[in-house]
Amino acid sequence: MVALSSPAILKRRRGHIPWSNLDRRLHSMREIWIVTSSEHGRPDATPVWFWWDGEAVYFTCASVARKASNIAAQPEVVLLNGDGTDPIILKGRAERVVDRGELDRIDEAYREKYVAPESGERATIYVSDDHVYRIRPRLVSAWSYATASTRTDFEP
């Protein structure tokens, strides 16, 4: 897992919230909401399990899911933590991951992060007919205590 004390791919463009605060929160969150849009502009938002490696967000979904068809039609997406008080919003392009080495790295991270409390069973990304996606943010925005005046933006 990559922990960025100062982001390698993103630079603060405005505001004062430290990157380490956002990075820590992204590493610890269990789910994130993804907002996609169909080819006809119909929006859809759903929560997904995800892994943040310090530079990109990875998540899975069924190949027949609305998310998958929306991403195929319009790969620009928005991710958000769903917290109206301390929001983190990431914008970027969803890309399907097919490289076996990268998939194995993501699977290992999922196995560490998602463990069923009752059985100890570990999650895997290797589910029949599932797709794995990567989003490298082109913009990360955050603010504190629902105060837009604390808004901080990071961009490439």
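Val35 has Val78 in strand S5 as its bridge partner. The model is predicted.

**Strand S5 and its neighbours**

S5 covers residues 76-80. Strand S2, residues 31-37, pairs with S5 in the antiparallel sense over three bridges. Strand S6, residues 88-96, also runs antiparallel to S5, and five bridges join the two. In S6, Ile89 stands opposite Leu80.

Which residues of S5 lie on the covered face, and which on the uncovered one? Val77 and Leu79 make up the covered face. Glu76, Val78 and Leu80 make up the uncovered face. In a regular strand the side chains alternate between the two faces of the sheet.

**Overall fold**

The protein has three helices and eight strands. From the N terminus, the order of elements is β-α-β-β-β-α-β-β-α-β-β. The radius of gyration is 16 Å, close to the 15 Å that the globule rule gives for 156 residues, so the protein is as compact as a globular protein of that length.

Of the contacts with a separation of 6 or more, 64% are between residues 24 or more positions apart. Buried residues account for 44% of the 156 residues.

| Property of the protein | Value |
|---|---|
| C-alpha trace, span along principal axes | about 45 × 40 × 30 Å |
| Accessible surface | about 8,500 Å² |
| Share of accessible surface from carbon and sulfur atoms | 49% |
| Distance between mean positions of positive and negative charges | 6 Å |

**A backbone exception in a loop**

Where does Asp129 lie? Asp129 sits in the loop between helix H3, residues 100-113, and strand S7, residues 130-144. Phi of Asp129 is near 65°, a positive value in a residue other than glycine. Most residues other than glycine have a negative phi.

Is the Asp129 side buried or exposed? Asp129 has 57% relative accessibility. The cut-off for exposed is over 50%, so Asp129 counts as exposed.

Notes:
Residues numbered from 1 in each chain as written. Predicted model: local features only at pLDDT ≥ 70, side-chain atom pairs only at ≥ 80, totals over all residues. Heavy atoms only, no water. Buried < 20%, exposed > 50% of the residue type's maximum accessible area, 1.4 Å probe, protein only. Helix = DSSP H or I, 4+ residues; strand = E, 2+ residues; numbered from the N terminus. Pairing = 2+ DSSP bridges. Rg over C-alpha atoms; globule rule 2.2 N^0.38 Å. Contact = heavy atoms within 4.5 Å. Areas by Shrake-Rupley, 256 points an atom, 1.4 Å probe, with all protein chains shown as cover. Lys, Arg positive; Asp, Glu negative; His and termini not counted. Charge placed at Lys NZ, Arg CZ, Asp CG, Glu CD.
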